[in-house]
Amino acid sequence: MSAYLIKNVSVVGAAPTDLLIRDGVVAQTGADLAAPDATVLDATGLVALPGLVDLHTHLREPGREDAETVESGSRAAALGGYTAVCAMANTSPVADTAGVVEQVWRLGREAGLVDVQPIGAVTVGLAGERLAELGAMADSAARVRIFSDDGHCVADPRLMRRALEYVKAFDGIIAQHAEEPRLTEGAQMHEGEVSTRLGLTGWPAVAEEAIIARDVLLAEHVGSRLHICHVSTAGSVEVLRHAKARGVKVTAEVTPHHLLLTDGKAETYDPVFKVNPPLRTAADIAALRAALVEGVIDIVATDHAPHAVEDKECEWAYARPGMLGLETALSIALDVLGPRWDLIAERMSRTPARIAGLDSHGLDPAPGVPANLTLVDPAAHRVIEPAELASRSRNTPYARMTLPGRIVATFLRGEPTVLDGKALH
């Protein structure tokens with residue numbers, strides 16, 4: 001394997017040091033290291049973080065390779081500083097069997113850019129009627145531990161209870177898309193002042209909050225692990241805070257776009273801003289940011305949702321919800337949180353790796369640790385150009401925005417997947 005000597009890098013914001021990477025691990029750290037056989041990288045001014053881990057990525061393969069593939073999504077992830085992503089189950093066919101999750105897992109291994117960990121469906125075909133092959137997916141080569149019908153809520157409380165009971169046997173997790181469907185029928189955006197003015201059917205905050213409240217009670221009753229996807233409202237934060245104070249085994253994520261963009265973006269009728277759950281208010285954003293810092297919300301997850309042109313560049317009512325996120329997530333975190341490197345490492349690497357059970361990820365660069373890491377230039381700024389993104393899709397809400405930070409290099413088990421800001425394959 002290759003050897004790399006990274007000179008003068010700040011590890012998670014600490015004083016500059018050198019890192020020697022050899023045989024897939026960080027072999028040595030310290031000042032003035034020398035290794036004649038190693039490729040030397042001058043990292044003066046750069047920050048080394050444990051490789052980012054995304055708990056919520058849509059890679060679209062199999063079935064919608066026109067929007068994304070495991071390979072193109074993996075490349076976007078590596079360029080965003082990620083070394084592991086969890087691939088959602090709403091593919092075609094749905095990842096509700098051992099065969100499909102193993103296909104996604106093998107495609108990730110073949111691409112070799114990030115570790116792709118499939119998420120299995122909770123119910124057959126995401127239909128919410130009967131449980132999928134949870135045990136078979138858990139026992140498969142993909143070793144699935146997280147299950148989600150994301151894009152659809154497991155609305156039936158009896159079925160949700162059964163799912164929580166089933167995965168408890170192998171310490172699995174049910175990741176819920178919290179949306180009471182009877183409250184969101186025909187919804188186009190957040191229900192509030194803007195939706196009233198625009199005449200668009202509203203998606204009320206209570207539709208999310210009611211499901212979270214129900215499910216934390218179910219999780220407490222069963223004693224199982226629950227994860228809440230893409231939390232978007234201030235009310236949801238309060239439900240989660242109360243549940244955590246009671247000792248419920250619940251974790252939660254927030255997306256970059258829910259930390260930055262408000263429902264006012266809908267006033268343009270540009271469907272790039274249509275997302276589920278919808279963009280909320282400035283008050284919600286403030287509550288989400290505070291909850292992320294506090295730890296009531298555990299992680300940042302991208303909900304990277306690529307869509308083909310015909311599914312997004314159309315009338316608002318007919319556009320599919322979703323935004324790209326992998327290549328811009330760290331920049332949004334820097335914009336929202338500032339250079340709080342330890343907090344960023346905790347919310348975007350250590351904690352998501354721990355939730356997903358990815359033991360070789362989420363570890364700060366140190367001797368003996370697997371060399372899954374990313375190098376960031378915090379002084380750089382870049383203008384987001386959709387045509388320059390690695391994704392097969394172009395539905396980024398940050399087009400032509402200037403964002404802070406630049407991923408200079410990403411290493412997966414000691415081998416670079418990105419150098420000088422460019423993917424190596």
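Trainee: Which residues lie nearest the centre of the largest cavity?
Mentor: Met189, Ala266, Phe273, Leu279 and Trp316 lie nearest its centre, out of 13 lining residues. A cavity here is a set of points on a 1 Å grid over the protein atoms alone where a 1.4 Å probe fits but cannot get out, and lining residues have an atom within 4 Å of a point.
Mentor: Before going on, this is a predicted model, where local features need pLDDT of at least 70, side-chain atom pairs count only at pLDDT 80 or more, and totals for chains, interfaces and linings use all residues. Residues are numbered from 1 along each chain as its sequence is written, and side-chain values use heavy atoms, with hydrogens and water left out.
Trainee: How much space lies in that largest cavity?
Mentor: About 60 Å³. A volume is the space filled by probe spheres set on the grid points, which are joined across faces, edges and corners.
Trainee: And what classes of residue make up the lining of the largest cavity?
Mentor: It has 7 nonpolar, 3 polar and 3 charged residues. Ala, Val, Leu, Ile, Met, Phe, Trp, Tyr, Cys and Pro count as nonpolar, Asp, Glu, Lys and Arg as charged, and the others, Gly among them, as polar.
Trainee: What about the largest pocket, what volume does it have?
Mentor: About 650 Å³. A pocket is an open set of points with protein on both sides within 12 Å along at least five of seven lines. The largest pocket is lined by 36 residues, and Gly151, Asn276, His307, Arg320 and Pro321 lie nearest its centre. Its lining has 13 nonpolar, 15 polar and 8 charged residues.
Trainee: Now the sheets. In what order do the 5 strands of the open sheet come?
Mentor: The order is β9-β10-β13-β14-β15, with parallel pairing; two strands pair if DSSP finds at least two bridges between them. At the edges are β9 (146-147) and β15 (299-300), each with a single partner strand, so one side of each has no neighbour in the sheet.
Trainee: Which helix packs on the sheet and touches β9, β10 and β13?
Mentor: Helix α4 (residues 157-168), whose direction makes about 145 degrees with that of β10 (173-176). Contact means heavy atoms within 4.5 Å. Axes are lines fitted to C-alpha atoms, for helices over the stretch in contact, and angles run from 0 to 180 degrees between N-to-C directions. Helix α6 (residues 205-222) lies across β10, β13 and β14, at about 165 degrees to β13.
Trainee: Last topic, how many salt bridges does a search of the whole structure find?
Mentor: 23, each being a side-chain nitrogen of Lys or Arg within 4 Å of a carboxyl oxygen of Asp or Glu. One of them joins aspartate 18 and lysine 7 at 2.7 Å, N to O. Aspartate 18 is in strand β2 (residues 16-22) and lysine 7 in strand β1 (residues 3-11), so the pair ties together parts 11 residues apart in sequence.

Notes
Helices (H or I, at least four residues) and strands (E, at least two) are DSSP runs, numbered from the N terminus.
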